[in-house]
Amino acid sequence: MPVKAMVRHLDDHALVMAQGQENTARQDLSFVEKASFAAQLDASGHDRQTIADALTIDLPMVSRMLKVGNAFDLPFLRKIGSAPSIGRDRWLTLAKLVQNPETKSRAEEATTVKTFSDLTSDERFESIFKAANNKPTPKAPAPAATEARTLRNQDGKALAKCGAHRVGSP
């Protein structure tokens, strides 16, 4: 099928600008899709002003996007997908949570559940967010054993023996 095309030689800056404009014009990208693109540009060595220009956003928003885009690796984000209903604040909260290695591990484990891929993108985010927030409850320490004691009356006569078992045991 013949198509019309315009071929131009672009420097790196012009190429990034063209990519950003094409993506923005093509569809309304979700926050995480823009954040992922920003992180990829950042990893490629583009400065923040170029990233801001490509995404037509301001520099503070670039910083927020990079916090999210750099908090997760690309395969992890691809497992979740675009998550179109999940806003910036929830992504920033999750990015902050996964700074803790244990929390990050729980979030990554959530993607291995058998039914994970059957969920919508928003539901996949929610399951990961829930796993990251679900702090394991610490086990209560075992009650200390008590020593056997003999209770005596005022005359010194033994009334009863107590103890010699764990508190709370029969």
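# A walk through the helices and rings

Welcome! Start with helix H2, which passes helix H3 in a right-handed crossing. (A crossing is right-handed if the near helix is turned clockwise from the far one by less than a right angle, and left-handed if anticlockwise; helices are DSSP runs of H or I with at least four residues, numbered from the N terminus.)

Before you go on, note that this is a predicted model, in which local features need pLDDT of at least 70 and side-chain atom pairs count only at pLDDT 80 or more, while totals for chains, interfaces and linings use all residues. Residues are numbered from 1 along each chain as its sequence is written, and side-chain values use heavy atoms, with hydrogens and water left out.

**Stop one: H2 against H3**

Select residues 31-43 for H2 and 48-55 for H3. The two helices pack at an angle of about 145 degrees, and their axes are 10 Å apart. Here the axes are lines fitted to C-alpha atoms over the stretch in contact, and angles run from 0 to 180 degrees between N-to-C directions.

Which residues make the contact? Show Lys34, Phe37, Ala38, Leu41 and Asp42 on H2, then Ile51, Ala54 and Leu55 on H3. Contact means heavy atoms within 4.5 Å. Sorted by class, this contact has six nonpolar residues, two charged ones and no polar ones. (Ala, Val, Leu, Ile, Met, Phe, Trp, Tyr, Cys and Pro count as nonpolar, Asp, Glu, Lys and Arg as charged, and the others, Gly among them, as polar.)

Now centre on Ala54, in helix H3. Ala54 is buried, at 1% relative accessibility. (Buried means under 20% relative accessible area, exposed over 50%, and partly exposed in between, with a 1.4 Å probe and protein chains only.) From Ala54 to Ala38 is 8.9 Å in space, C-alpha to C-alpha, and 16 residues in sequence.

Next, pick Ser36 in helix H2. Ser36 is buried too, with a relative accessible area of 10%. Leaving aside neighbours within four places in sequence, what does Ser36 touch? Its contacts are Leu74 and Leu77.

**Stop two: the aromatic rings**

Select Phe72, Phe76, Trp91, Phe125 and Phe129, which ring pairs link into a cluster. Rings of Phe, Tyr and Trp (its six-membered ring) pair if their centres lie within 6.5 Å; planes under 30 degrees apart count as stacked, over 60 as edge-to-face and the rest as tilted. The structure has four aromatic pairs by this rule.

Phe72 and Phe76 are a stacked pair, because their ring centres are 5.5 Å apart and their planes lie at 10 degrees. Both Phe72 and Phe76 are buried. Phe72 also pairs with Trp91: the centres are 5.8 Å apart and the planes at 80 degrees, so this pair is edge-to-face. Phe72 sits in the loop between helix H4 (59-71) and helix H5 (74-80) and Trp91 in helix H6, so the pair ties together parts 19 residues apart in sequence. Trp91 is buried, as is Phe72.

**Stop three: the salt bridges**

How many salt bridges does a search of the whole structure find? There are two. (A salt bridge is a side-chain nitrogen of Lys or Arg within 4 Å of a carboxyl oxygen of Asp or Glu.)

Show Glu126 and Arg90, whose side chains meet at 2.8 Å, N to O. Glu126 lies in helix H8 (residues 121-133) and Arg90 in helix H6 (residues 88-97), so the pair ties together parts 36 residues apart in sequence. Glu126 is partly exposed at 33%, and Arg90 is partly exposed at 31%.

Finish with Asp89 and Arg88, a salt bridge with its closest N and O atoms 3.6 Å apart. Asp89 is exposed, with a relative accessible area of 51%, whereas Arg88 is partly exposed at 32%.
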